[in-house]
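The exercises below ask you to find your way around one model. Each task is followed by a solution in steps.

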Amino acid sequence: MGVRSAVDLLKQLPLFAAVDEAHLQTLVFSSDELIVPPGRTVFEAGDPSTNALIIKQGDGVVIDPETGGVLALAGPGAMFGEQSLIAGIPRQVTLNAKTEIEAIVIEQSVFLRLCSEFPEVGMQVLDVLNRQLAVCSNELSEVQSQFELSPLEDLLREEE
């Protein structure tokens, strides 16, 4: 996959959709490529991480670390580790290669250097992450409200 197609792939991701193509080219040139054979583990839940991985070609299986069950299949355009670009958060899931995976690996140091040289890139990415966090927070509030007891139920529990 050439630079042009890698930039096009990044443009399709919400995290980078608003980023100028010239900055994405810089990111692609500064990134590493990773090839993982079928049947191998790409990364495991709990692994330290200071990079984001974007699948260019191939398919992976996303595994729940608690149950060992399959959460999803991941193909071209799937991105893992957005939070690692900023905060170095450990991997939350395990990814196994179903077929050979070819991926772009963006290191945190490369991303932060780009953001320091072009602050608008960092602001655009933070805006996307903030919106994603707001959606997650709203969803969590909705779920939490389903488990809250009504005042009457609280009184009945206290009497028991």
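Contact means heavy atoms within 4.5 Å. Helices (H or I, at least four residues) and strands (E, at least two) are DSSP runs, numbered from the N terminus. Buried means under 20% relative accessible area, exposed over 50%, and partly exposed in between, with a 1.4 Å probe and protein chains only.

The model is predicted: local features need pLDDT of at least 70, side-chain atom pairs count only at pLDDT 80 or more, and totals for chains, interfaces and linings use all residues. Residues are numbered from 1 along each chain as its sequence is written, and side-chain values use heavy atoms, with hydrogens and water left out.

**Exercise 1.** Find which residues of α1 are buried and what they pack against.

Step 1. The buried residues of α1 are Ala-6, Val-7, Leu-9 and Leu-10.
Step 2. Viewed along the axis of α1, these residues fall within an arc of 155°, so they line one face of the helix. The arc is that of the directions from the helix axis to the C-beta atoms.
Step 3. They pack against α2, β3 and β8.

**Exercise 2.** State the strand order of the open sheet of four strands, and name its edge strands.

Step 1. Two strands pair if DSSP finds at least two bridges between them.
Step 2. The order is β1-β8-β3-β6, and the pairing is antiparallel.
Step 3. β1 (32-36) and β6 each pair on one side only, as edge strands.
Step 4. Two bridges join β3 and β6 in the antiparallel sense; Leu-53 has Phe-80 in β6 as its bridge partner.

**Exercise 3.** Is Lys-56 buried or exposed, and which side chain does its own side chain contact?

Step 1. Lys-56 lies in strand β3 (residues 51-57).
Step 2. Lys-56 counts as buried because its relative accessibility is 4%.
Step 3. Its side chain makes a polar contact of 2.9 Å with the side chain of Glu-33. A polar contact is a pair of N or O atoms within 3.5 Å; within protein, one must be able to donate a hydrogen and the other to accept it, and residues adjacent in sequence count only if both atoms are side-chain atoms.

**Exercise 4.** How many aromatic pairs are there, and of what kind?

Step 1. Rings of Phe, Tyr and Trp (its six-membered ring) pair if their centres lie within 6.5 Å; planes under 30 degrees apart count as stacked, over 60 as edge-to-face and the rest as tilted.
Step 2. The count by this rule is one aromatic pair.
Step 3. Phe-43 and Phe-80 have ring centres 5.6 Å apart and planes at 65°, so the pair is edge-to-face.
Step 4. Phe-43 in strand β2 (residues 41-43) and Phe-80 in strand β6 (residues 79-80) are 37 residues apart, so the pair links distant parts of the chain.
Step 5. Phe-43 is buried at 6% relative accessibility, and Phe-80 is buried at 13%.
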